[in-house]
Amino acid sequence: MLNPDLTPNLLWSLAGLYGLLLLASLVLVVLRHRNPQRDFTELSQRTRSWWVMVTVFSAAMLLSRTISLVFFGFISFLALKEYLSIIPTRRSDRRVLFWAYIAIPVQYYWVAVGWYGMFIIFIPVYMFLFLPLRMVIIGETKSFLRALGTLHWGLMTTVFSISHLAFLLVLPAAGNPVAGGAGLVLYLVFLTQFNDVAQYVWGKLLGSHMVIPKVSPNKTWEGFVGGLVTTVLLAVLLAPVLTPLQWPMALVAALIIAVSGFIGDVTISALKRDIGVKDSGSLLPGHGGILDRIDSLTYTAPLFFHFIHYLYW
Amino acid sequence: MYRLLRFLFFNLFVRFFVLVLLGLNVRHRQRLPARGPAILVANHNSHLDTMVLMTLLSPRLLPQVQPVAAMDYFLRNRLLAWFALKIVGILPLKRQRQEPGEDPLAPVHQALDQGRVLIFFPEGSRGEPEQLSDFKTGIARLAERHPAVPVIPVYLHGLGKALPKGEALFVPFFCDVFVGEALGWVADRKGYMTQLENAFRNLAAEGDFSTWEM
């Protein structure tokens, strides 16, 4: 019944993740008890959403590889749909948008059959050339460049970038004997998300110097550095459990994840600020939409993937 | 038999379609009615509007829910009529009065007296995508006759992008559903229509939708 690629290390790590959730919920209970007059609605919504996300993610990773791939494809679908719902689109482009959606199952099919060459060029080359053609056939030239640019940027961010997570799963298992592709995915996703949380917590505790006040007033240097140090420590600690990385390389991986995760986060913040929305959606109570949650992953997934790919395959 | 088919159609197919392929951002869900009689009033841009409104309500309420729909359009052929009447469960309404003195709203009054939850589109037809056209006054006559029945305005946005009038290709978009406070009867029909239009204007203003000038 369970995915046969799973190793004990992976299962222990997932168990550890639940331990962390339990700890977070416990801390919340204590905080509530100590400050009965303060409002913890958002924090408790956030924690509850984390429970749901970790559970769905664990189930997707444990059941079978096909389910894991479908799961990442579905994340791409939700993210692209959210993106296309908040940006302005031209009514005449409905058929072009439809083709952008069709690119999702096709891209994940290349992943499923392990065709790296096609996976890596399908969206940046073939979709890049096809979507303008489809738009030209419809013939609306007003705002043509704007429509095309926004659509392809969305496709690259929500489908191409995120599908790198899925490709980690189909890399030959021999490259990572301790925990397989699933171990690499867990390592990357956990460090990316924990880096976000650590940045937030360090920022709340010590933050005073803003990094880019025009884009996001919540991002401080103190939070950024705190997150980076936390991520480096965790990355080095977890590397022997989940990856083939020796500690110097784990350090590099941590720097890639912490720095590029921050960039992914503020990139989506800039996008939301441009459009004038606070959250990209309402799918995850306390967090916002799916884009709000995977913003950092859109940067960390391709960069971590190519780092691993260069070193081990 | 039809009840079972209708139950399966809405709770398996329509729910999956609306919640997974389409996706909703619902605000103020608690304002939706828990029992009939009640009238949901919504703006109309797509055939999906009815499906979305029906999924918002509890599945237990389904046997009592009836969308009020144009007889000439939905009963124009036998297959469509079967689907509209038996599966969707529409309450067909004549848009034109055929005989003098006939009340086209008579079946609606009857349904409300039986405690039904009705879905009503006062714009009459779907119109231009994402544009609010003028409301017809039938809703005011209903409210006057049934002052105790809550009328709940529901503002829908995005469905005209997902499946506009005259298009057969569905394109997924998250759609917004803003539920307003139940409206009560005011002294006259004109005042009532103003109240209803204002309710929609306020609900529409809750969203921050960005569009390009075209």
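I started with a salt bridge: Arg94(A) forms one with Glu167(B), the closest N and O atoms being 3.7 Å apart. For the term I took a side-chain nitrogen of Lys or Arg within 4 Å of a carboxyl oxygen of Asp or Glu. Between chain A and chain B the count is two salt bridges.

Before going on, I noted that this is a predicted model, where local features need pLDDT of at least 70 and side-chain atom pairs count only at pLDDT 80 or more, while totals for chains, interfaces and linings use all residues. Residues are numbered from 1 along each chain as its sequence is written, chains are lettered from A and ligands numbered from 1 in the order written, and side-chain values use heavy atoms, with hydrogens and water left out.

Next I looked up the contacts (heavy atoms within 4.5 Å). I found 29 residues of chain A in contact with 24 residues of chain B. The two chains bury about 2300 Å² between them, 59% of it on carbon and sulfur atoms; that is accessible area (1.4 Å probe) lost on being put together, summed over both. Pro88(A), Arg91(A) and Arg94(A) supply 28% of the area that chain A buries against chain B, more than any other three residues.

Strands here are DSSP runs (E, at least two residues), numbered from the N terminus, and two of them pair if DSSP finds at least two bridges between them. Ile39(B) stands opposite Leu118(B) in strand 5 of chain B.

Definitions and conventions. Helices (H or I, at least four residues) and strands (E, at least two) are DSSP runs, numbered from the N terminus.
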